[in-house]
Amino acid sequence: MQWLFRNIIQDIETINYCPIMDAAGLDFQAIFRLLRTGSAPSLSSEELASRISSCVVQTENTPAASVTHTDVMCLCLTLVETIINRLTAQSLPQDVTIFYEDVTRRLFGEMNLMAKLVSLLSCQDQLVSHLSAKCMSVYVISDICINGGSSSIWRHACAEVFQKSTASSELDSCLWSLTAVIKGVLRAEKCQNKRDILTKLLSGLDASITDLHTKLLTQDAQDPHKRGLMNLSKTMCEFFDLLEVLSAARLRYGVCSSVQRVIFVESQALLHVMRADVEYFVKKRALLLLKRSLLRRAGDDWALGEVQSSSHEDHSLTEDVLAMADGVLQEVNAGWLKEVPVKAQASFFGGNCDVGLAGTQKDDVILIAVSLILLKSLEMNIQSLHWKGAQSDIDVRRYLTELMSFLQRHGTLVSADAHGCSWVSVVFAEQDDDMMESTKILIGLYLYQTSLSSSDSGDCDWGCNPHCHFILLLRSLSFDHTVLLDFLISSETCFLEYCVRYLKLLREDWTGLCRSCRHIEDCDLNLGATRRGTDPSVQTHPAVTETLHVVPCTRSPTGNDVSVPRLVDYGSSDESDDAEEQVSDRNSGNTDVDSGRTASVMALEQVETEYASESLLGKVFVCLMDLRMAVTRLHNRDLFPYNPTSLLKLLNSIEPQRNRIR
């Protein structure tokens with residue numbers, strides 16, 4: 001709705017031929033234009049403040065003149081908001097700054113504009129109510145950052161409205177206003193002692209917000225179908241936004257009130273929203289809140305400041321997040337995945353509607369959120385078992401099998417011949433950060449499950465083979481090591497952590513990679529056979545078929561290294577020439593050996609060499625070696641953003657396995 005409000009205000013501002021004036025004939029549009037150019041009007045600050053204050057009054061909607069008054073009032077509210085924003089940004093000349101500071105001081109001092117704004121929150125005109133909330137919020141943020149305090153009138157009004165818990169524009173505006181204030185404090189660069197400020201702010205609102213949480217979410221939690229919440233859709237979304245900023249404040253500054261703990265401890269209320277009689281976009285918003293809370297990502301896209309490390313966070317946070325994760329597993333055990341809706345069309349300004357292989361559509365936002373919620377919950381519960389030294393085990397296989405069934409029901413894995421581990425690449429195709437997070441978690445789940453059983457048979461059946469995930473990731477990137485290099489340098493994903501974790505696994509289990517390559521090639525072969533069976537026009541050359549059946553894990557009887565073509569664009573021609581000279585020198589050293597071989601042996605080795613560079617395992621090897629060379633080159637020039645010594649050590653450990661692709 002905010003974009004609609006902004007467009008309306010812009011339309012008001014740009015109607016130059018129809019100036020908007022108050023009863024005394026003051027042209028507020030002209031004042032607005034002067035402000036935007038950094039100038040002050042000719043009238044005194046006292047007179048301007050008085051005119052603005054007199055216009056900000058709620059009137060009955062029956063007289064025809066009220067339409068004009070509403071236009072004037074909306075422009076006045078926007079004018080006050082812009083004045084405060086310009087003063088906060090310190091973007092006005094000194095004399096103009098002094099003028100508007102005096103206007104603001106008079107408005108919120110002797111003229112008590114805050115009380116008038118509070119009364120406008122209950123206005124039936126939603127535009128007026130929202131603009132009043134915006135005007136209040138920017139003033140409160142400015143007052144907090146400059147003076148370290150907040151308006152008692154505003155805080156008291158919010159507390160009273162929250163305690164009523166009655167669906168209304170007043171409640172929605174108060175929720176929006178409090179969310180905007182907390183977000184503004186978190187984003188403010190010049191605001192000091194944010195933790196103390198937010199703790200003080202929430203101390204007066206904690207009880208009323210907790211009460212609102214109970215009335216909106218936790219009542220009748222055991223039988224949510226009985227609740228009629230359709231008229232609360234907007235209110236619930238506003239409340240979820242507030243819960244997210246509260247979570248962000250806790251993650252970054254350790255602000256911990258009782259309502260911030262309720263978000264985690266009573267998280268099953270959010271899970272029960274899936275069963276409640278609410279609109280689809282409300283359920284989506286609840287899932288996104290769960291996902292960001294579990295992954296500790298609340299506020300990642302707007303908040304300043306890093307998430308606190310585990311050594312500095314409040315002691316109860318780990319316990320609270322674990323309680324949320326445990327609640328997720330309990331709900332999954334109770335059949336929660338069967339009740340999560342996934343519509344064909346995405347809604348509420350989010351998600352993609354990708355057409356699947358069978359012509360079906362899916363809401364990727366829901367699928368990604370559900371998948372990560374379950375994966376992260378499993379990871380945290382397994383870590384908890386380790387911390388507590390518990391003797392009970394978690395059946396990861398069963399939970400992931402249920403997740404596979406959920407995805408299958410909603411058209412993600414449409415082919416019975418598709419590789420079981422391909423669900424990661426399919427579900428997270430459009431979200432790099434979520435894909436890396438999921439693959440990183442799945443390595444831990446795989447190691448835990450295999451520790452319970454020495455056999456790894458069937459790992460692909462429940463989609464938890466980290467070797468397959470890595471291979472399919474590289475294949476989705478066309479084995480382009482430069483993309484991996486971008487991931488390593490970027491801080492937008494956890495790829496570095498995932499890469500290190502996988503390379504450690506690969507160092508101990510190279511044969512697992514070989515088996516996975518063979519398995520994926522077999523799946524590709526089966527898919528090709530299926531397509532040829534259904535479409536006679538699809539043909540495969542016998543030589544290609546024979547090559548696909550070759551096991552890529554065998555070693556060439558010659559035992560020599562394979563020269564594989566590079567897939568990298570060099571930063572300069574000098575680098576390219578140096579590399580070509582090295583390859584040429586290496587090949588020239590084998591001239592004497594080659595001359596003594598028979599033509600048949602040389603022909604066989606040529607076939608093996610071509611296969612080694614074209615096989616799936618060969619492509620994986622080439623990609624990793626190119627990545628190692630690129631990182632080494634940047635590191636030697638002091639161009640890598642961090643010390644990659646540990647990463648290079650792991651990449652170098654792959655080199656001894658080179659001959660195994662022959």
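Reader: What makes Glu655 and Arg628 a salt bridge?

Author: A salt bridge needs a side-chain nitrogen of Lys or Arg within 4 Å of a carboxyl oxygen of Asp or Glu. The closest N and O atoms of Glu655 and Arg628 are 3.2 Å apart, so the pair meets that definition. This is a predicted model, where local features need pLDDT of at least 70, side-chain atom pairs count only at pLDDT 80 or more, and totals for chains, interfaces and linings use all residues. Residues are numbered from 1 along each chain as its sequence is written, and side-chain values use heavy atoms, with hydrogens and water left out.

Reader: Why is Arg628 called buried?

Author: Buried means under 20% relative accessible area, exposed over 50%, and partly exposed in between (1.4 Å probe, protein chains only). Arg628 has 17% relative accessibility, so Arg628 counts as buried.

Reader: What makes Glu238 and Lys234 a salt bridge, and where do they lie?

Author: Their side chains meet at 3.3 Å, N to O. Both lie in helix α12 (residues 233–253), four residues apart, about one turn of the helix. Helices here are DSSP runs (H or I, at least four residues), numbered from the N terminus.

Reader: How do you know whether Glu238 is buried or exposed?

Author: Glu238 has 12% relative accessibility, so Glu238 counts as buried. Lys234, at 39%, counts as partly exposed.

Reader: Why is Glu110 called exposed?

Author: Its relative accessible area is 59%, so Glu110 is exposed. Glu110 also forms a salt bridge with Arg106, the closest N and O atoms being 3.6 Å apart.

How values were computed. Helix = DSSP H or I, 4+ residues; strand = E, 2+ residues; numbered from the N terminus.
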